[in-house]
Amino acid sequence: VQLDAAYDPDPNRVAAFCAKHGGTPYSDLTAFMRHEVDAVSVCSPVDYHDDNVLACAAAGRHVLCEKPLTNSRANAKEMQRQMDRAGRLL
């Protein structure tokens with residue numbers, strides 16, 4: 001695995017992370033999703049998992065999401081439905 005890019009809405013935090021670990025920093029989710037990668041590891045607070053996973057599905061990215069996946073069964077089903085529709089693994 002190679003870290004190619006990182007996203008955090010806090011530009012200082014993502015810049016510091018990428019300075020330490022490498023990769024291109026993004027503080028804009030839309031710009032991050034335009035970056036060509038094979039898969040995204042979602043390591044945000046659980047309240048952001050839904051939006052991040054759905055953005056990945058829309059961008060055609062495979063996703064590894066930390067636990068818990070989301071706060072509700074309905075949201076989990078929708079996330080899986082969108083990933084299936086995109087033909088990507090969650």
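User: Is Q82 buried or exposed?

Analyst: Q82 is buried, at a relative accessible area of 19%; buried means under 20% relative accessible area, exposed over 50%, and partly exposed in between, with a 1.4 Å probe and protein chains only. This is a predicted model, in which local features need pLDDT of at least 70 and side-chain atom pairs count only at pLDDT 80 or more, while totals for chains, interfaces and linings use all residues. Residues are numbered from 1 along each chain as its sequence is written, and side-chain values use heavy atoms, with hydrogens and water left out.

User: Where is Q82, and what does Q82 touch?

Analyst: Q82 lies in helix α4; helices (H or I, at least four residues) and strands (E, at least two) are DSSP runs numbered from the N terminus. Setting aside residues up to four places away in sequence, Q82 touches L54 and A57, where contact means heavy atoms within 4.5 Å.

User: Which other residues of α4 are buried?

Analyst: M79 and M83 are buried in α4 along with Q82. Viewed down the axis of α4, the buried residues fall within an arc of 100 degrees, so they line one face of the helix; the arc is that of the directions from the helix axis to the C-beta atoms. These buried residues pack against α3 (46-59) and β4 (62-65).

User: What is on the face turned away from the buried side?

Analyst: That face of α4 carries the exposed residues R73, A74, K77, D84 and R85. Just after α4, G87 has a positive phi of about 70 degrees.

User: Changing topic, which residues have the most contacts inside the largest nonpolar core?

Analyst: They are F32, V40, V42, V53 and V63, in a core of 16 residues. A nonpolar core is a set of buried Ala, Val, Leu, Ile, Met, Phe, Trp, Tyr and Cys residues joined through side-chain atoms within 4.5 Å. The elements giving two or more residues to this core are α2 (29-34), β3 (39-42), α3, β4 and α4. The most comes from α3, with four residues.

User: And what is V40 in contact with?

Analyst: Leaving aside neighbours within four places in sequence, V40 contacts F32, C56, R61, H62, V63 and L64.

User: Which elements each supply at least two residues of the lining of the largest pocket?

Analyst: They are β1 (5-7), α1 (11-21), α2, β3 and α3.
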